[in-house]
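Below is a short report on one protein chain. Please look at the sequence and the structure before reading on.

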Amino acid sequence: MPRKRRFGISLNEDLAEKLDAICSVIGVSRSSFIQDAIEFGIKAHLHYTVEHYCEGVMIAIWPSSEKNIQEVGEKLEKYKDIIVFNTHLHSKDNCILIASLKGSSNVIANLHTDLKKMEKVNVMYVPFSIME
Ligand SMILES: [Zn+2]
C-alpha cells in the first residue's frame, strides 16, 4: 500500500455538509471520498500540464439564457478545429454541451478556461487516455 500523507483542509460549510451526506449514503469515509475525487480531478487536469495530442469529451452545464447561448456559439466557432462533433441538450432550465475533442491539449485547456469564464457554468473534461 502506498504511503499516505496527512494534512488538513478547509471547506465551505455547505460543501462540508454535502460531503458528509454523500459519504453517509455511499458508506465511505471522507478521506476515501476525497482521495477518489482528487484522483479523478488530477487525472483529467494532468493532460493540461504537458502539451500533447489529446482526445476526450468536454461537458459543460449552465443555466439557459440568450446571452449564454450566444457566448457558447462564439466559443464553439473559435475552437472548431479541435471539435469533432458537439451536441446541445436541455434539462429543466439548463443547457448541456457535450463536445468530442481531438487536438493539442493546450488548446483543449484554453477551451476549458474560456468556458469557465461564463456565469454559473460547470465544466468537466474526460480524456480518453490516462497519463501517469
Ligand atoms: Zn491528453
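## Fold and strand pairing

Glutamate 55 stands opposite lysine 102 in β3. This pair belongs to a predicted model, in which local features need pLDDT of at least 70, side-chain atom pairs count only at pLDDT 80 or more, and totals for chains, interfaces and linings use all residues. Residues are numbered from 1 along each chain as its sequence is written.

The protein chain has 4 helices and 4 strands. Helices (H or I, at least four residues) and strands (E, at least two) are DSSP runs, numbered from the N terminus. In sequence order the pattern is α-α-β-α-β-β-α-β. The C-alpha trace of the protein chain spans about 45 × 35 × 20 Å along its principal axes.

Two residues are in contact if their C-beta atoms, placed from the backbone, lie within 7 Å. Among contacts in the protein chain with a separation of 6 or more, 67% are between residues 24 or more positions apart.

Strand β3 pairs with both β1 and β2. Two strands pair if DSSP finds at least two bridges between them. The table lists these two pairings.

| Strands | Sense | Bridges |
|---|---|---|
| β1 (residues 53-63) and β3 (residues 94-104) | antiparallel | 11 bridges |
| β2 (residues 83-91) and β3 | antiparallel | 8 bridges |

A residue is buried if 20 or more other C-beta atoms lie within 10 Å of its own, exposed if 12 or fewer, and partly exposed in between, with C-beta atoms placed from the backbone. By this count, 12% of the 132 residues of the protein chain are buried.

Helix α4 (residues 105-116) has 12 residues and should span 16 Å at 1.5 Å a residue, which agrees with its end C-alpha atoms being 16 Å apart. The expected span is 1.5 Å times one less than the number of residues.

Which residues of α4 are buried? They are Ser105, Ile108, Leu111 and Leu115. These residues cover an arc of only 115 degrees around the axis, which puts them on the same side of α4. The arc is that of the directions from the helix axis to the C-beta atoms. What covers the buried residues of α4 includes β1, α3 (66-78), β3 and β4 (122-127).
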